[in-house]
Amino acid sequence: MMSPTQWDLPPELCCRPMAFVALTGLDVTYNAIHRAIWDAFCANRRADRVPISFKVLPGDHEYPKCRTKRTSYEWYIPKGILKTGWMNKHLNLVPALVVLFYELDWDDPVWKEKQSECATKVEIVRTSLQGRNTKVAVVLIQKKTPLPPGEDLVASERAASLCNACDLSGKSLFVLPHTDHLVGYIIRLENAFYEHAQTYYYTEIRRVKSHKEFLNKTTHQLLFVRHQFKIAFFSELKQDTQNALKYYRTAYSLVHELRTHETNMLEIKTMAGFTNYKICRLCFQHNTPLDAIAQFRKHIDLCKKKIGSAELAFEHTAWMSKQFQSFGDLFDEAIKLGLTAIQTQNPGFYYQQAAYYAQERKQQAAHMCAHEVRYPTPDPLETLSGALDFYGQRAWRQGHQSIDPPDAEKEKVGIQALQVKEKDVPHSELIIALLSNAVAQFKKYKCPRMKSHLMVQMGEEYYHAKDYTKALKLLDYVMCDYRTERWWSLLTSILGTALRCSYLMAHVKDYITYSMELIGRASTLWEDQKSRIEKNLIKVLMNEVPEAEPDCDPASAKAAQALWSDRVSLAGSNRFTIEVQDYVPFGQFILLLQCKLHLYLKADCPHPVRFSKLCVSLSNQEYNQFCVVEESCKSQDILEPLSQENMCLVPGKTRKYSFKFVAKTEDVGKKIEITAVDLMLGTDNGRCVLLNWRGGGGDAASSHEAIQAARSFRSRGRVPEQHAQWDTVSIQASTMIISRVPKISVQLSHKPPALSNEMYCICVSIQSNEKTVAKDVKLTAGLKPGQDANLTQSTQVTLNGLEVCDESHPALLPDIAIGDLQPGEKVHPLLISDETVTIETVVPFDVAMKFVSTKFEHLERVYVDVPFLLMTDILSASPWPLHLVSSQLLLAPTMVALDEPQSQVEHVVLQTGECASECFSLQCPPVLNGTSSVASGQYLISWKRKSSCADAPVVTTVVTLSHVMVETIPLYVHAELPSFGRVRESLPVRYHIQNRTGLVQDVEMSVEPSDAFMFSGLKQVRLRILPGAEHEMLYNFYPLMAGYQNLPLLNISLLRFPTVSGQLLRRFLPSRIFVKPQGRQAEDASIAAA
């Protein structure tokens, strides 16, 4: 009756119910058009298409027979709740709609004959349905695209005729043109089919509901559950999930109202499980996960005590396991569809609980099915049809609803058959699969401890299933976490299982590793257990067969003995290296590295241990030869301490080994580290095990202590040469090799801050306080390495204080030879640095420049061949007095000086905040066409500190002058006049007008009158000036008032260049003059005489 997967939910329960539509009349094998239609229905169905399940059936297909309609339930006693084939029948056997496809065009020449043939086929389909409410529809496959409705009168007439012949309504006749838009027509057909299917399932729901008035709660309790379940299922087929959920909830409540006893307990639990599955699935589908979780908890609370027959208690745990597993699957499926789970509520907990019940099932089966009984014959679990009639019933008493079984002997034989079948169930495989699902979920939701806990259970299940390789792999993975988190009792338990696995597989290295860890300080085993394991370990090291581990399967242990014997006989593969820091072995060590190398070893095992070699590896391998302890060791001396005390570790006592070596000169300033320590157990005659520690010691149980000690090392007092207190030793796995501090004093003399670009002098005095001669003394001077690259490139150092540095001088002078220093002798090099000095640098002065006109007005641009002035201001920002030795103006080719430029600040001393100014008269010669901006040149300032020594070199600072805008003017005007005038005395003024173009210029000039002057000359005149020529205009001004007076304005306009304004030309002319008052004749005579 039942297979090992009998508790799996039926696939028709787990799938999404979809309306079943049968398609007939399609030859999908030999007809290409029919094949294309079928592919359009089935291939690449997107989520937006209506949920319909299609199936191609022959036209004369026999559908399940319809049962005779019951008119009364008065004497009807139901035999069960739900038949096993009912869901599958409505999903895959009984269609909601049968669609007949027929090739027929409206203008077919043999229309009458084909109409009759189509009607016959429809009748055959109706006959095969045998009175069911299934709808029938006809689809005409046509070659032409139909005209819009109402335009084709022939089509309308023949469609009505066909509907009449086939007894169809107009809504059940469809036309399918086989054109390029086939998929679009198919989708429209699907929507119409879906509406017909909806009508069918609605009719079925009403039909089932109509039975309710004939039922009573005395004898028809099962029917109430059945009908509610059917209504809910039909609602799902109709895609009315809200009503489906409501009816499933009602069915679930009615299931638990049924009278329960041992004979129907399984059926009630089965139906409760089915209904609960549907409710939870729909809750997840409606995005109400909390309702699903609440329903499942309620379901478990109601069913967990409904055990049933005590002799079949394993069935109850199997059913409980499947309930948790199914809910976990639903939960996981909902998450994949977008539901968000959290760390404390995820599918892993349900898979874990399913595994727990599977383990309980395994224990119950081992207890209840332990007796040796043959499978009964005839088979009480066989049925005539090969399947049960109702879900959850027994094969030997199907349809029985009484409290007492009909036949006690059959009941006993049936239970016996179930127990025998249970023995063949692969329990470990089921448990491992569930635990694996749970581990995947806890890993996904970052629950490392839950994951480790379940991985341990998986490893133990693999051990019970005798798959020792996988068991060891899982346990070894988990042990790393437990060592890190220091769960010693858990680690000990896991190590015991791992040791048994390695023994049964005869894995020598794993066996040695786990044995050493089990006899170590982290193990919680009793001393007698540790002693037994250590003796087995010694046997393995001596290449002997160890004794069997307790609690091993006898048959497996016997096979393991043979494997170990083979290992002993093999000559090779007897040398193993174990990375001890990944474990917590029987021994540990600490390194202390200062001027000497001290190594401390301690054994935690029950018995003394002898080793054959101890060596320390350093980062500089040349020192390794000085850090080795090696003595010959006999095989029988491994366990007991005899004469070789130096090579023996006594339990609980600390051994100290010291090594000395002289560091090489080239290693001064370098870091030396302990890279590894190797301790060799055993001999070459037996097995040789090399225990390897990395770095400064410690192991998985003390790694964090070692790190802390390495970070904050502090010196300890002297410890005894042979034994020391373990807790008084701190780890130092590395040290720097440094030279002895010399007794040499270095003094620096300088005056900060330094000024940019100056030669900054630092005087260094070195005195030797050594008792002997310091030979071959070398110094390095310059910038400290590792600073900004720009600073390194812009700084030069020299030993000659009288020369100026340039780019040929480096920023660092290495290995300056000083020679030998006698005791007390002083040396004064010009620039020597034996220590780091930070020097602040400041800018010595700021230089401001500006271009002004001859009237000292600011110029934004200059004009060709028109004189202008360059003003320079030197503002001291130095905290020291600055001696300006000289200055020099280097003009660019595009600029000329009107006179020889002389330094006007030569030998000027500037205090902080003082300013020195210079003025140069310049002129810009004609420039190339198109050039609007020209370079001016450079301004050189030679300077040094006033307070520095007299022979200090002079520093020259180069200041680049800014570019200036140059323009050309067509006419240039300048005036000649005295420096002052006198009241009522003639003041001659001569205006020079120069044409600077290649054209004849027409110039209009006029003089505006002024209240301060009378004048004689042309008041208004028009001139013609030849190219390059110059014209003079002479005026006599007669001052009327004393003081600064505005001269009469000269207005000039160029007829050829109207854009050139008179205001621009007036900029070149003086606008004011000082007029002295009229003096007495005597004074004038004296002035004239002077």
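This is a predicted model: local features need pLDDT of at least 70, side-chain atom pairs count only at pLDDT 80 or more; totals for chains, interfaces and linings use all residues.
**Exercise 1. Salt bridges**

Find how many salt bridges there are, then describe the pairs formed by Glu422, Asp467 and Glu549.

*Solution.* Step 1. The criterion is a side-chain nitrogen of Lys or Arg within 4 Å of a carboxyl oxygen of Asp or Glu. Applying it gives 24 salt bridges.

Step 1. Glu422 pairs with Arg361, with the closest N and O atoms 2.7 Å apart. Glu422 lies in helix α13 and Arg361 in helix α12, so the pair ties together parts that are 61 residues apart in sequence. Helices are DSSP runs (H or I, at least four residues), as are strands (E, at least two), and both are numbered from the N terminus. Glu422 and Arg361 are both buried.

Step 2. In the salt bridge between Asp467 and Lys470, the closest N and O atoms are 3.9 Å apart. Asp467 is partly exposed, at 26% relative accessibility, and Lys470 is partly exposed too, at 43%.

Step 3. Glu549 forms a salt bridge with Arg532, the closest N and O atoms being 3.3 Å apart. This pair links distant parts of the chain, 17 residues apart: Glu549 is in the loop between α19 (527-541) and α20 (554-569), and Arg532 is in helix α19. Glu549 is buried, with a relative accessible area of 6%, whereas Arg532 is partly exposed, with 27%.

Step 4. A network of salt bridges links Arg45, Arg49 and Glu190.

**Exercise 2. Surface patches**

Which residues gather in a patch of positive charge on the surface, and which make a nonpolar surface patch?

*Solution.* Step 1. Patches are made of residues with over 30% relative accessible area and no salt bridge; like charges are joined within 9 Å, and nonpolar side chains (Val, Leu, Ile, Met, Phe, Trp, Tyr) within 5 Å. Accessible areas come from the Shrake-Rupley method with a 1.4 Å probe, and for residues only the protein chains shown count as cover.

Step 1. Lys and Arg count as positive and Asp and Glu as negative, while His and the chain ends are not counted. The place of a charge is taken as NZ of Lys, CZ of Arg, CG of Asp or CD of Glu.

Step 2. The positive patch consists of Arg67, Lys69, Lys79 and Lys83. Arg67 sits in the loop between β2 (52-56) and α3 (86-93) and is exposed, with a relative accessible area of 58%.

Step 3. Phe980, Tyr1044 and Phe1074 make a nonpolar surface patch of about 310 Å². Tyr1044 belongs to strand β42 (residues 1043-1046) and is exposed, with a relative accessible area of 58%.

**Exercise 3. Backbone geometry**

Describe the peptide bond from Thr377 to Pro378 and the phi values of Arg486 and Asp865.

*Solution.* Step 1. The bond from Thr377 to Pro378 is cis, with omega near -5 degrees. Pro378 is in the loop between α12 (347-368) and α13 (408-423).

Step 1. Arg486 has phi near 65 degrees, a positive value in a residue other than glycine. Arg486 is placed in the loop between α16 (468-485) and α17 (488-505), and is partly exposed, with a relative accessible area of 34%.

Step 2. Asp865 has phi near 60 degrees, again positive in a residue other than glycine. Asp865 lies in the loop between β25 (861-863) and β26 (868-876) and counts as partly exposed, at 25% relative accessibility.

Key:
Residues are numbered from 1 along each chain as its sequence is written. Side-chain values use heavy atoms; hydrogens and water are left out. Buried means under 20% relative accessible area, exposed over 50%, partly exposed in between (1.4 Å probe, protein chains only).
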